There are 2 protein chains.
Amino acid sequence: MSYQPPVQDLMFCIKHLSHWDQVGTLGAYAGYDLSDIDAVLEAYARFCSEQIAPLSHIGDTLGSKFDSGRVTMPEGVVQAYAQFVEMGWQALTHPTEHGGMGLPRAVGAAAVEMLNAADMSFGLCPLLTDGAIEALLLTGSSEQKNTYLEPLIAGRWSGTMNLTEPQAGSDLGLVATKAVARGDGKYGITGTKIYITYGVHDLTENIIHLVLARTPDAPAGPKGVSLFIVPQTMVETDGTLGARNSVDCVSIEHKLGVRASPTAVLQYNDATGFLIGEENCGLEYMFIMMNAARFAVGVQGIATSDRAYQRALAYARDRVQSRPVNGQSKDAVTIIEHPDVRRMLLRMRSLTEGGRAMAAATAGLLDIAHHQDHPEMARLAEFMVPLVKGFCSERAVEVASLGVQIHGGMGFIEETGAAQHYRDARILPIYEGTTAIQANDLLGRKVMRDGGETARLFAARIVETEAELAAGDATLQAIGASLAQARGAFDATLDWMLENSRRDIDAAFAGSVPFLMLVGTLAAGWKLAKAALSAQAARDAGQDTPFLTQKIATALFFAQHILPDCGADHTRILHGSRSLLDAAFPE
Amino acid sequence: MSYQPPVQDLMFCIKHLSHWDQVGTLGAYAGYDLSDIDAVLEAYARFCSEQIAPLSHIGDTLGSKFDSGRVTMPEGVVQAYAQFVEMGWQALTHPTEHGGMGLPRAVGAAAVEMLNAADMSFGLCPLLTDGAIEALLLTGSSEQKNTYLEPLIAGRWSGTMNLTEPQAGSDLGLVATKAVARGDGKYGITGTKIYITYGVHDLTENIIHLVLARTPDAPAGPKGVSLFIVPQTMVETDGTLGARNSVDCVSIEHKLGVRASPTAVLQYNDATGFLIGEENCGLEYMFIMMNAARFAVGVQGIATSDRAYQRALAYARDRVQSRPVNGQSKDAVTIIEHPDVRRMLLRMRSLTEGGRAMAAATAGLLDIAHHQDHPEMARLAEFMVPLVKGFCSERAVEVASLGVQIHGGMGFIEETGAAQHYRDARILPIYEGTTAIQANDLLGRKVMRDGGETARLFAARIVETEAELAAGDATLQAIGASLAQARGAFDATLDWMLENSRRDIDAAFAGSVPFLMLVGTLAAGWKLAKAALSAQAARDAGQDTPFLTQKIATALFFAQHILPDCGADHTRILHGSRSLLDAAFPE
């Protein structure tokens, strides 16, 4: 099925939700106005829908193939990637001084969404390269930046993150890979890394691995981990490629989804590595750049959701089955006429657009925090990142599952394509930190650490939106009423969490994931409510398009069908901690 | 991973929840007491865990293979099925006069659960044969019964249901397969049937297809569909096998899950068929036997959930990762120590045991309804069947997804096995009537048709349980409080549904699936509450086993973590119908 990039909605989110009034005035983005951005996104949309989307099913069917240390990508991927490089798309959001286009993060989010909706397996390669670029920008020496950034930003080389080992997943303090200083400023890296996305492939002439490892005298635990650059092929001082480094791919995984994306087991045998920054600060550096990677995975969730929605919508408009329940027709109708199919489609749409609204807002906050000294915006940005990752990835699994359901029996047949989204989506709540890791980050670092100050700021902003909604028409008022109720559930839960952060820390963390989902749901509903206000303002100003009508309808549906989950999570958290902690698991 | 059949819990459910005080006194079951049943289930448990469970991963990996009209089952399945036949397991619940063992339905449910937990792909063959046996028992002529029942009940032949055609899925009134009377009492059947589970295989010497088709002068729609027996190989008057009938397998499907179970496209080319009952009554007959089939699919949901739970529990006990959030240990601990892993495990366990409790109760009601003239029990049984199917199948998808999540990155690797449950479970809310079909059945036929009388009877029974809980200790009281709140949400939703059944039928059906989930969740929570009462009574009588403690803990967890969903569904239904019905889907 073809993919229709949602450029209109992406532009609406950038204009109305990404704090464009502030982001647009930042010096870094002085060269761009909204019409430039629209032109860039339209061009990228064409590339994604025409060149990449057709690869998705082929790649899923063929998978990437491993043979004697080498990986062959599925048919068409090499050519498509070459075109991606030729058109310069990797450069989109990266700094102009290293060859980037320097576009704002909200535009980057829109681009990541479209590419990953077209084909998540393909999208993972640039996504990991973005991560490596981000890491080098933030922590690399100027020599390292000069050596690696230009070819990475051009997309000629790709990047990877080598964190996980068999015994060290969520807990990276357990990393055991060894890094021994050779005396010439270089290190010999030895160990096994697993789950390395695009750890080996035939798309680029070099792969730059960023590797967590431990020097011989490093302290145990998280404070003894360092970060290294380990190029697959050594780079000479003139920038040309030299000898192959001693890092080998042992195997690639046979996975539930994203099957065209090779997930490698890499063996480092005294491979040459270059220290980034200081020894023993590796995890700290990872945390700095993790925001971008986690945000991007949340956006992958929106992407998968939208593709699943588009597929289900097309099917529901086409498939004729059963008479309407109200008896208005004696003939069978297209299934989009049936109330429960509408319910499922609207859940899919409102969760997708709610995620997109939240991501655009967060991207704007991240930009302002990056370019200005604005502690409030910075803290809100930090608060929002685990929500984007946690909420959008968990909801993507639900949305993809609804997409299968709408297809009925056809949904279970692989050729239909709906099942691929259900399989692909399942990795999203796991990689770049599981949902529980996001929830611990939210509760521990973003809520408890400042005694709830940022969380109360977040709630206060929602109260402002409630007031605007209350001054609107009946529909906006209805959205406002549901929003106020959900925000009330949040306030009460927050009080309880803060109290238990002192009194009973286990009880607090017993509710961490329900809390994450409560806050994420509230945040998405809030941003959609703001979208409805903007849409109504545009209508009041004389515009009246189906898009604006639909946006308000989506926000209302979210308010009345998704926001009620906040109340259930509130109940679970406040009344469920003992039953959770005290239950035994007899042998 | 090995499968541990939950015989203790299955026996507990039969004893305390399946209305055993009444079922055990039915004449049909006079020969059996609980210790006989325990012995049968123990023997079947051994067969399932030792012979069948090891096939599950092999079958998923190899799949069934199609070549020129024939299907080869994966390695080991033919031998295991031969053993299944030799041990006579197909006979378990079928009438003794046709060679069955005549055990109660609750025992049958326990057996179906164990076999499908061991391997759902394997379990589907006997499940479909059970359906064909049920159909013949209810609607076959005595000649048909004499010809087909004995070999089906012995498992030497298998049965199939041929309902779906490309244009006729949920709406079987659109069936177009032709049945032309030949004048000798036989019919020539011509048409294409799809999604035929075990429509072709190499396990039995004959396959008995039950086929919906339409005679030339039949009225259009559901009242013109007749039901036919079409044997794959003709049966001579002496019971021996004759010529092959003209029904051919064109292909089998490439599916998301249950990959060892062949799903066939069957082509009938003037195949010889025998009418069951009267012409044009085919759908009526299908509805009579559908209860059993739908109930069995709900039990498959419990089965998949339990297998996913057992696998996740074993992993969580074994996998060491991260220090505890409360700082009690400086070392990493097994992940079962982490509150959110416990939360996920307890969700899996309580949803599994809640489904099992509900299924046992429903099996008892079906038995009483079948053997006695007890209209109240019969109506409650009818009310419960769509709940067992809808709730247990939808929740199985959630449980299997949690199972993947607990495994982290390992969950996404196919060799781990957790992903298989996630893939297998996805068919359950689709086949034998989608969740929306179950919800329409519940709302239209089981709630509105009698003006809510059965639904109020259901609620009144729960009120009785609430009173018992209120007289218990603090834990039982806490369960009772949550149950009362959920039942209150049900009462209010029911009133609204009944009012809208007259005023705004679309609004009512816009909430049909949330209503099904609300009632299913309430029913499971209620039955688990009754289980907790029985467990506490046993403890009060001097037994104090880990099993009883765990049962009460599970019921409390369900009450505090799952029952709160009822309130959210109540809100969605009462306040969300307009936003659902009025939203547009612009091109």
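Predicted model: local features only at pLDDT ≥ 70, side-chain atom pairs only at ≥ 80, totals over all residues.
How many of the eight residues of strand β6 (residues 206-213) of chain A are buried? Seven of them are, and the strand is therefore described as mostly covered, where a residue is called buried if 20 or more other C-beta atoms lie within 10 Å of its own, exposed if 12 or fewer, and partly exposed in between, with C-beta atoms placed from the backbone. Strands, like helices, are DSSP runs numbered from the N terminus, a helix being H or I with at least four residues and a strand E with at least two.

Residues are numbered from 1 along each chain as its sequence is written, and chains are lettered from A, and ligands numbered from 1, in the order in which they are written.

Strand β6 of chain A has partners, two strands being paired if DSSP finds at least two bridges between them. Six bridges join it to strand β3 (residues 157-162) of chain A, and these two run parallel; here A:Gly159 stands opposite A:Ile208. Another six bridges join β6 of chain A to strand β7 (residues 226-231) of chain A, this time in an antiparallel arrangement, with A:Val211 and A:Phe228 as bridge partners.

In strand β5 (residues 186-197) of chain A lies A:Tyr195, which has a positive phi of about 60 degrees although it is not a glycine. This residue counts as buried because it has 26 C-beta neighbours inside 10 Å.

Turning to the helices, α14 (residues 453-470) of chain B has 18 residues and reaches 26 Å from its first C-alpha to its last, close to the 26 Å expected at 1.5 Å a residue, the expected span being 1.5 Å times one less than the number of residues. Its buried residues are B:Thr454, B:Ala455, B:Phe458, B:Ile462, B:Thr465 and B:Leu469. Seen down the helix axis, they fall within an arc of 105 degrees, so they line one face of α14 of chain B; the arc is that of the directions from the helix axis to the C-beta atoms. The face turned away from this buried side carries the exposed residues B:Glu453, B:Ala460, B:Val463, B:Glu464 and B:Ala467.

Finally, consider how the two chains meet. In all, 74 residues of chain A are in contact with 74 residues of chain B, contact meaning that the C-beta atoms of two residues, placed from the backbone, lie within 7 Å. The largest share of the side of chain A that touches chain B, eight residues, comes from helix α18 (residues 546-562) of chain A. Of the interface residues of chain A, 100% are also interface residues in chain B, so the copies meet through the same surface.

A rotation of 180 degrees with 0.0 Å of shift along its axis superposes chain A on chain B with an RMSD of 0.0 Å, where the superposition is by least squares on the C-alpha atoms of residues with pLDDT of at least 70 in both copies. The two copies are thus related as by a two-fold rotation axis. In chain A, the C-alpha nearest that axis belongs to A:Ala568, 3.1 Å from it.
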